[in-house]
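Visitor: I am new to this structure. Please show it to me and then take me through some of its parts.

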Amino acid sequence: MTNGDGVEIGLVDLFDGGVRRDPAFMATFARTAEQLGFSGIWVPEHLMFFDHYESAYPYPNHPSADDPDKLESHNKTVGDKAQVEAAEDQGLLDVQQTAAELCAATTRLRVGASVMILPVRNMRTLHRELQSLAELTGGRFDLGVGVGWSSEEVTACESDFRTRGRRCTDYLADLAGGWGSAVSGVDRPAPRTLIAGHSPAALKRAASVGTGWYPYNLTISEFTEHHATYTRLLEDNGRDRADQHAVAGVRYTGDLAGLRQFVDRYAEAGADGVNISLRLGDDDYAETMAEVSDILGLAR
Amino acid sequence: MEHGLASSFRADGDGLPDRIAEAARAAEDAGLASWWSLGEREAALHRSLDPVLGLQCVARVTDRIRLGHSGELAAVQPAAVRAKQLASLDWFAGGRLELGLDLGEPPEDLVDPAAPEADHLDRALDRVLAMRSLWTQRRAEHTGAHVSFTGVSALPRPVGDRVPRTHLRALGTEALRRVVDQVGAPHGWLAWRETPEQVGAGAARLASVLGDAADGVRLTWFVDLADLADARAALSGMSARVDELVAVVDRVPTADDIDRVVQA
């Protein structure tokens, strides 16, 4: 479901495989989001965490709630390197199983990867997993795709860090071209494939082999600028922007009352959807979701 | 002796998640000890649903039945990717996951085209050890010919930070020696759709490599549902001690299929 301006509102949150967020919690969380009119829940992926990274976290700043044309920083740094926002001993369940679980508890809610680290996968087994997931979720899974920013993680997954971008593009082309051949008796379209990032390579990839674009923590002016590039690249490839899906992902730490205006700015800049990371609390998520739904006019 | 079933998650017809859930509840209510997925090899051959995602549907609606992956091809997926998926499945199953390793040559259509060429058994065993590190160490470390990492935190780990019980699809003597040398003796031995004679020969190979320790290895015999009655009849004359008899059903089991497993 969308807000009054037709923008899909997603929630970025995580399920850590801990005691508190057990399967019953996940089901209630998903049903609550669905009933309150959110379009989807988007879950991050890391296969692992490290105590310290030599690779800098690329999204340490997020648009200010008061003025989404300004950035503010929320992440810790070690030396001059920004570190990922994660708890010590942070857990993350497998993205696809999380999606299957949340969709099993709901009927309309979409679940997206925010984002899957594609280049470390075996594309042949992933194709089967994605086709299975399309069937189990009734086509409600969205594939957000990243190339991975941590060389530590990509290397530990037995993959070459340097060539990960090229692999990602090749995999997506293969997936689109061969979709449907891994599981028989399933007739579901390929998932929406949203390419994360705003580097020239990411924009080029989104415009050539994605069905959408999913930048994270861009200011309004950055979003506008990169969205224009994305649109131009689509045109160069003979593809219609109207057939694609651009979602602005944002970490939001301000007063919830400001969300309406905040979301509207991204919609005006061309976003079809806005995914908001609020880091909802275990005990008060339902109240926060209800407040956000009310502010954005999501519930019908 | 215990009884279980192994199911294909073939996607024929509508309402697949509901059909899996219904069958899973029925299997648990009927008192079956285990529900196994097909192996990766069979799932690829029949182009059926992903075994792990299928087992998750079974886990969601059951509390007691043991969940087995009957043929994990450790050679085809990166250890850290697979460790996360299997640990997550175990978490959803509340610690009921058991893992059957298929260490035979993987089918061509599952081999990762991006992975460097390597001896498949060598790579699979390296990955098994890497997964065990991720599953049991708070800051995991592994150095192998194919996989290396240090200081890794991969949560959730399987329930109890344990290595899920590991079964081996029957192997030849030489491969079995390599397996035992590198990753230790298995918890169980899976005789996948073998004749009584093949089951006996497999148990003999296991004994030749493990000696007396082979007595402690659980033997699970998978037979097609249509052959279940014959298999039961053959048990008393077999040289091997079968601990668990599992009926292989080539679809999501119907109520009738489950009745047939129970009655046999």
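Visitor: Where is Pro156(B) found?
Guide: Helices (H or I, at least four residues) and strands (E, at least two) are DSSP runs, numbered from the N terminus. The peptide bond that leads from Leu155(B) to Pro156(B) is cis, with omega near 0°. Pro156(B) lies in chain B, in the loop between strand S6 (148-153) and strand S7 (166-169).

Visitor: What kind of model is this?
Guide: Residues are numbered from 1 along each chain as its sequence is written, chains are lettered from A and ligands numbered from 1 in the order in which they are written, and side-chain values use heavy atoms, with hydrogens and water left out. Local features need pLDDT of at least 70, side-chain atom pairs count only at pLDDT 80 or more, and totals for chains, interfaces and linings use all residues, this being a predicted model.

Visitor: Are H2(A) and H3(A) roughly parallel or antiparallel to each other?
Guide: The axes, lines fitted to C-alpha atoms over the stretch in contact, of H2 (residues 95-104) and H3 (residues 123-136) of chain A come within 11 Å and cross at roughly 10°. Angles run from 0 to 180 degrees between N-to-C directions; under 35 degrees counts as roughly parallel, over 145 as roughly antiparallel, 65 to 115 as roughly perpendicular and the rest as oblique. H2(A) and H3(A) are therefore roughly parallel.

Visitor: Which residues of H3(A) make the contact with H2(A)?
Guide: Contact means heavy atoms within 4.5 Å. On the H2(A) side, the residues are Gln96(A), Ala99(A) and Ala100(A). On the H3(A) side, they are Leu126(A), Glu129(A), Leu130(A) and Leu133(A).

Visitor: How much area do chain A and chain B bury between them?
Guide: In this interface, 48 residues of chain A are in contact with 52 of chain B. Buried area is the accessible area (1.4 Å probe) that two parts lose on being put together, summed over both. Of this area, 53% is on carbon and sulfur atoms, and the total is about 4100 Å².

Visitor: Which residues of chain A lose the most area to chain B?
Guide: Together they account for 18% of what that side buries. One of them, Glu158(A), has a positive phi of about 70° although it is not a glycine, and its place is in the loop between helix H4 (151-156) and H5 of chain A. The residues are Gln97(A), Arg128(A) and Glu158(A).

Visitor: Which residue of chain B forms a salt bridge with Asp51(A)?
Guide: A salt bridge is a side-chain nitrogen of Lys or Arg within 4 Å of a carboxyl oxygen of Asp or Glu, and the rule finds eight across the interface of chain A and chain B. In the pair with Asp51(A), the closest N and O atoms are 2.9 Å apart. Asp89(A) also meets its chain B partner in a salt bridge, at 3.1 Å from N to O, and that partner is Arg139(B). The partner of Asp51(A) is likewise Arg139(B).
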